[in-house]
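Here is the note you asked for, arranged as numbered points to be read beside the coordinates.

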Amino acid sequence: MRGFLTSSIGVTCAAALTLPAVALTMPSAAAAPAERATTSTGRPGGSTRSLPLTPRTGERVLGQAVEQGLYRDDLEHFSLVGVSWANPGTALHGLVQVRARSVATGRWSGWQDVDTDNADHGADPDTAEADSGRVHGGTAPLWVGDSNGVDVRVRAELGTDPGPRDTPTGGHDLLPAGLRLELVDPGEGSQASLDDVARTEADASAAVNTELAPFGATEIPALDRRDTEDELAALTGVTRVKPYIGPRPKIVTRRGWGADESLREKGFVYTGKIKAAFVHHTDSGNGYKCSQASSVIRSIYRYHVVSMGWRDIGYNFLVDKCGGIYEGRAGGVAKAVRGAHTLGFNSNSMGIAVIGSFKSHKPPTAVVTALAKVTAWKLGVFGANPKGKTYLKSGGGNLYPKGKNVRLNVISGHRDGYATECPGAKLYAKLGSARTSSARLQGR
């Protein structure tokens with residue numbers, strides 16, 4: 001949360017800064033933007049519902065609502081929530097909290113904080129994905145489990161300089177325009193009811209991995225070191241006397257976790273090579289079972305594409321808290337697929353997201369082991385040393401200006417390329433161990 005700064009709003013509203021959180025009231029019946037529902041193939045493929053937020057209390061500053069929210073107890077099933085807004089260049093200076101009602105127990109959860117600093121993810125500036133006109137601002141997603149009721153409150157942080165002047169009159173918006181609650185149902189991941197378009201894209205997504213596994217496989221099997229070295233020679237056409245590459249780990253494919261391929265944009269986008277790996281956390285909470293990991297990934301995929309407007313899920317790989325490894329953005333796990341994970345540094349890199357939140361929670365040993373395995377293999381395909389340094393050219397961000405060559409660890413945390421808390425202090429502290437283990441797996 002940002003500190004309070006002196007500003008015209010801060011001076012005008014000095015008294016408001018000391019007010020305690022006010023009692024919540026039900027949203028007014030005033031006219032609001034319409035609900036939007038997007039369903040691909042019904043329950044099997046999942047759905048996204050986008051609901052407008054409205055003022056929750058009568059508290060106002062300079063005519064603007066201090067708090068917006070929504071309460072609904074009559075919803076169809078959903079398992080992941082987030083808050084989006086119209087302009088991706090506008091920051092949300094405030095507090096977002098959500099509670100949900102469990103389908104299994106009928107009880108409401110306690111209030112959970114949702115991370116508002118999510119602009120550090122996404123496509124690099126001046127790229128086709130960033131300039132598509134479909135991209136929205138948004139919080140991190142939060143996994144709440146199978147739910148049918150929701151209560152959300154978004155409260156402005158009074159006295160904070162809210163940044164760009166966004167209102168027609170040249171004033172400041174307390175909260176971003178067009179706030180909406182995004183409710184994601186991951187569905188069942190079934191491929192049985194795919195239409196022709198979805199089937200075509202599913203086939204294309206599977207075809208780019210056929211050098212590694214049979215067409216349509218739900219997982220790419222693990223290989224020992226010798227077979228991995230032989231595969232590397234086949235992939236690159238180069239026989240190395242002593243290739244530095246770790247044994248290929250088992251990877252669950254997009255078909256394996258049930259991606260609805262009709263959601264993403266057609267085709268694939270590649271970068272030149274893979275020189276570095278950025279480690280992330282999804283910041284979606286740790287309250288999932290490993291058997292639910294595919295559902296969580298389907299939900300994040302929907303949130304990135306439908307709610308945020310990206311061409312595909314942002315990460316190249318995902319890792320669950322039990323050490324399972326999953327294919328992320330489509331285009332082939334052994335290829336240099338351009339992601340949308342580290343704003344300014346998506347070229348010549350890959351993004352690996354650990355499913356969970358690790359600001360104060362220590363990652364399990366299985367997570368660090370999985371990070372070492374996937375980096376030892378994928379960096380090895382491109383001849384990169386996990387314990388080494390490399391240079392990447394910034395595409396623009398809040399740490400490095402566009403065009404600056406930046407020296408980074410080959411295995412870096414998200415915060416090394418952008419001023420952010422990601423991947424969480426506890427996971428970031430384990431990257432040294434991951435580098436050492438990854439290099440050892442490569443035979444270095």
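1. Overall make-up. This is a predicted model, and the values that follow should be read with that in mind. The secondary structure of the protein chain comprises nine helices and 21 strands. Of its 444 residues, 54% are buried. Among the contacts in the chain with a separation of 6 or more, 76% are between residues 24 or more positions apart.

2. The disulfide. The structure has one disulfide, which links Cys290 and Cys322 with an S to S distance of 2.1 Å. Cys290 lies in the loop between strand E15 (276-281) and helix H6 (293-307), while Cys322 lies in the loop between strand E16 (317-319) and strand E17 (325-327), so the bond ties together parts that are 32 residues apart in sequence. The link of Cys290 and Cys322 is right-handed, with 90° about the S-S bond.

3. Exposure of two cysteines. Are Cys290 and Cys422 buried or exposed, or something in between? Cys290 has a relative accessible area of 21% and is therefore classed as partly exposed, given that buried means under 20%. Cys422, with a relative accessible area of 4%, is buried.

4. The largest nonpolar core. This core has 33 residues, and those with the most contacts inside it are Phe317, Ile352, Leu371 and Trp377. At least two residues come from each of E15, E16, strand E18 (349-354), helix H7 (365-381) and helix H9 (431-441), and H7 gives the most, with eight residues. To take one of these residues in detail, Ile352 is in contact with Ala277, Phe278, Val279, His280, Phe317, Val319, Leu371, Val374 and Thr375, once its neighbours within four places in sequence are left aside.

5. The pairing of H4 and H7. Helix H4 (residues 225-236) packs against H7 at an angle of about 35°, and their axes are 10 Å apart; the crossing of H4 past H7 is right-handed. On the H4 side the residues that meet H7 are Thr228, Glu231, Leu232 and Thr236, and on the H7 side they are Trp377, Gly380 and Val381. By class, this contact has three nonpolar, three polar and one charged residues.

6. Ala277. This residue is found in strand E15 and, at 0% relative accessibility, counts as buried. Which residues does Ala277 touch, not counting those up to four places away in sequence? They are Met350, Ile352, Thr375, Leu379, Val410, Ile411 and Ser412. Ala277 and Ser412 are 135 residues apart along the chain, yet their C-alpha atoms are separated by 6.2 Å.

7. Thr139. This residue sits in the loop between strand E10 (137-138) and strand E11 (142-156), and its relative accessibility of 0% places Thr139 among the buried residues. Not counting residues up to four places away in sequence, Thr139 touches Gly82, Val83, Trp85, Val96, Val114, Asp115, Thr116, Asn118 and Tyr303.

Note on methods. Residues are numbered from 1 along each chain as its sequence is written. This is a predicted model: local features need pLDDT of at least 70, side-chain atom pairs count only at pLDDT 80 or more; totals for chains, interfaces and linings use all residues. Side-chain values use heavy atoms; hydrogens and water are left out. A disulfide is a pair of cysteine sulfur atoms within 2.5 Å. Helices (H or I, at least four residues) and strands (E, at least two) are DSSP runs, numbered from the N terminus. Buried means under 20% relative accessible area, exposed over 50%, partly exposed in between (1.4 Å probe, protein chains only). A nonpolar core is a set of buried Ala, Val, Leu, Ile, Met, Phe, Trp, Tyr and Cys residues joined through side-chain atoms within 4.5 Å. Contact means heavy atoms within 4.5 Å. Axes are lines fitted to C-alpha atoms, for helices over the stretch in contact, and angles run from 0 to 180 degrees between N-to-C directions. A crossing is left-handed if the near helix is turned anticlockwise from the far one by less than a right angle, and right-handed if clockwise. Ala, Val, Leu, Ile, Met, Phe, Trp, Tyr, Cys and Pro count as nonpolar, Asp, Glu, Lys and Arg as charged, and the others, Gly among them, as polar.
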